[in-house]
Amino acid sequence: MKKLALYPVEKIDELTSPDVHEDISVLSSALNVFTDFKKVTPLVIESNTSAVNVEHLMQKSHVRLKLVIDNADRFIGLISFDSLHNQEILKRVAAGHQREQLSVADFMIPKEDLKAIDYEDLSYARIGDVIETLKSAGQQHCLVLDRVNHAICGVLSANDIARRLKLAVDVSTPNSFASIFEVISNSQQPSVLQSPQPYV
């Protein structure tokens, strides 16, 4: 064995990531914007966690989406940063709720109200197909299912798609996803995802 040379880290040296080197477009494989839970541990939060605390933590860590679990670690829903926006919390307070008693469960989208695409269909789809599917369904997020094994294997997010496509869109507000779809519609239009209707 031999010793390797050690070099100083210079001021101009910056972090790199796969995003920097991948040139993707609406015609690229949809798997490029798919968060695969076999490769990335899903971000989870317990349903009884304080909504105010979670909003602060998500903002600080730049996380826009978490999966909600109950006290037995069962998946029961999804919470987004947009649904925890301070204005949404203030609406609940104005309706008579105590701010400190509001929990993630009060703002999450329940499991039974979520939509999903089959992984098999996704593997043949393009990014543009996913965008059109989310747009037509009015969804900001969409789960991905392995329907054979009844397993939730990942998630698709309009926010992630905008970031990967390097769109000049402000994704910090709840209404920003309409802007994403508008930007995409001004670019080349691929065919819409043919096979799946979103599954419940």
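**View 1. Strands β6 and β7 pair in parallel.** β6 and β7 (residues 141-146) are joined by three bridges; strands are DSSP runs of E with at least two residues, numbered from the N terminus, and two of them pair if DSSP finds at least two bridges between them. Opposite A116 stands L143 of β7. The model is predicted, so local features need pLDDT of at least 70 and side-chain atom pairs pLDDT 80 or more, while totals for chains, interfaces and linings use all residues. Residues are numbered from 1 along each chain as its sequence is written, and side-chain values use heavy atoms, without hydrogens and water.

**View 2. Four strands form an open sheet with mixed pairing.** The strand order is β1-β8-β7-β6. β1 (34-36) and β6 (116-118) are at the edges with a single partner strand each, so one side of each has no neighbour in the sheet. From one strand to the next the twist averages 35°, an angle on a scale from 0 to 180 degrees between N-to-C directions of lines fitted to C-alpha atoms.

**View 3. C142 and C153 are buried.** Buried means under 20% relative accessible area with a 1.4 Å probe, counting protein chains only. The relative accessibility is 4% for C142 and 9% for C153.

**View 4. H62, V63, R64, L65 and D160 are the lining residues closest to the centre of the largest pocket.** In total, 23 residues line this pocket. The lining comprises ten nonpolar, nine polar and four charged residues. α2 (51-61), β3 (65-69), β8 (151-157) and α6 (158-164) each contribute at least two residues to the lining; helices are DSSP runs of H or I with at least four residues. A pocket is an open set of points on a 1 Å grid over the protein atoms alone, where a 1.4 Å probe fits, with protein on both sides within 12 Å along at least five of seven lines; lining residues have an atom within 4 Å of a point.

Technical notes: Buried means under 20% relative accessible area, exposed over 50%, partly exposed in between (1.4 Å probe, protein chains only). Ala, Val, Leu, Ile, Met, Phe, Trp, Tyr, Cys and Pro count as nonpolar, Asp, Glu, Lys and Arg as charged, and the others, Gly among them, as polar.
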